[in-house]
Amino acid sequence: MYFYIILVRKRVKNMMKYEIKKVFSRTGGRVALLLLLAVLGITCFAALDVSYVNENGETETGPSAIVKLKAAQKEWTGELDEETIRQVIRKNRQIRESPEAKADNIHLNQIAYSRGQGIREIRDLLNCSYGEGFQEYDYYRADSLTEEDAGSFYTNRTALLADWLDTDAKEQFSGAEKAFLLAQYEELETPFSYDYMKGWTQLFQLAPTVIMVITLVLGYLVGGIFSNEFLWRSDAIFFSTLHGRSKATAAKIRAGFCIVTVVYWAAVLLYTAVILLCLGADGWSCPVQADWVSWKCFYHISVLGKYLLIVSGGYIGCLFISFLSMLVSAKTRSTVIAVTVPFVLIFVPSFLANIHSPAVSRILGLLPDQLLQVGTALNLFSLYFIGGKTVGSVPVLLVLYAVLTAVLLPVLYREYMGKEIG
């Protein structure tokens, strides 16, 4: 009996390998992988486009620029407390009042700019905190601040939210949702820890593009796993074999899972490694709110936590969309229709987003394309009332589509196993 079990396992494993081999033996499959590598190369090149203005007002690029920018921003590593904010406001004012900054000469202006690169990211936080409104951003707001303003750096964040909830967003949220948002803001631990975070900010900026391209490529690769038997007129042979409707069907599902898992993580980890090795992984323990892009985020997570949510969400999204493509492939017997599924799920919501309606926004917030751009979803105020509690959309998306992906497996198996020949 033991040797029989081993033999069955080997046969199933060989079936799976054969299905994977069929996918990558096709010219289209190889071209898709090459396209993915090309996109990764272009994306990494764009993410590594970091510049630094030296003391002579000259712009530098490349590895030397990264080293100098990192050294300048590292000088401000530590707690972003009131005293640090005072120092940043003082230094920014000194730079703005210098003869070089006031000169009507671009080269001299660049020299003045070079002196503020170490505080550039903190200056952006000042623009967010001391803005006129919650949804407004004025690049020059920090230039009008005085050192006496430093004490309200963190309290401004909650005050602006409260004002927005009472005015512009008055009808957008329920009383419980408003209370939830304010509580999340007030419970955020301050002062923030601050560090050089250029590696992470550049990685986050283009992560949605990378994950969406991976999803489209995977949709193409797995879209024909089930329908190709009908295209090649081999379905009669496939279903008439001893294990055609059982182990062979399961082998196709396993092959799809392996292709999605290996390709996704290989691409994501390659992208991550290139960016962080070149720009550095410093700042991973800082709260996401220490980056001005996530200043309004109400989730209490670190930069590393944000990264883990992005890649985990992307993986779950890729699995769901890929298995849905495989189900459409099995049901319609058409590779073309199956391949269009990722395109529809990714691009159609962007058109529907132009419809300004709270109900539509709540629906769009739970569509699978949000998993491919979790970094953006973390900055949105998409709230849902579940089990008597108000929660953000991100944990709902992760749980919902993990469950739906698991449900798709037996549905896909039964759909293909019950197919009629011809």
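Asp 143 is buried (under 20% relative accessible area, against over 50% for exposed and partly exposed in between; 1.4 Å probe, protein chains only), with a relative accessible area of 19%. Its side chain meets that of Arg 123 in a salt bridge, 2.8 Å from N to O. A salt bridge here is a side-chain nitrogen of Lys or Arg within 4 Å of a carboxyl oxygen of Asp or Glu. Asp 143 lies in the loop between H7 and H8, and Arg 123 in helix H7, so the pair ties together parts that are 20 residues apart in sequence. Arg 123 is also buried, at 9% relative accessible area.

The model is predicted: local features need pLDDT of at least 70, side-chain atom pairs count only at pLDDT 80 or more, and totals for chains, interfaces and linings use all residues. Residues are numbered from 1 along each chain as its sequence is written, and side-chain values use heavy atoms, with hydrogens and water left out.

The structure holds twelve salt bridges. One of them joins Asp 282 to Lys 74, with the closest N and O atoms 2.9 Å apart. This pair links distant parts of the chain, 208 residues apart: Asp 282 is in the loop between helix H13 (247–279) and helix H14 (303–332), while Lys 74 is in helix H3 (residues 63–74). Asp 282 counts as buried because its relative accessibility is 19%. Lys 74 counts as partly exposed, at 30%.

Another salt bridge pairs Arg 90 with Glu 147; the closest N and O atoms are 3.1 Å apart. It too links distant parts of the chain, 57 residues apart. Arg 90 sits in helix H4 (residues 82–96), and Glu 147 in the loop between helix H7 (120–129) and helix H8 (155–166). Arg 90 is partly exposed, with a relative accessible area of 33%. Glu 147 is partly exposed as well, at 25%.

The protein has 18 helices and six strands. These elements are DSSP runs, numbered from the N terminus: helices are H or I of at least four residues, strands E of at least two. Of the 422 residues, 49% count as buried. The protein exposes about 20,600 Å², and carbon and sulfur atoms supply 63% of it. Accessible areas come from the Shrake-Rupley method with a 1.4 Å probe; for residues, only the protein chains shown count as cover. Among contacts (heavy atoms within 4.5 Å) between residues at least 6 apart in sequence, 75% join residues at least 24 apart.

Gln 110 touches Val 53, Gly 57 and Thr 59, not counting residues up to four places away in sequence. The C-alpha atoms of Gln 110 and Gly 57 are separated by 4.7 Å, although the two are 53 residues apart along the chain. Gln 110 counts as partly exposed, at 25% relative accessibility.

Strands S5 (residues 383–386) and S6 (residues 389–392) run antiparallel and are joined by four bridges. Strands pair if DSSP finds at least two bridges between them. Leu 383 stands opposite Gly 392, and Tyr 384 has Val 391 as its bridge partner. S5 and S6 form a hairpin with two residues between them. In the turn, Gly 387 has a positive phi of about 60°. Side chains alternate along S6.
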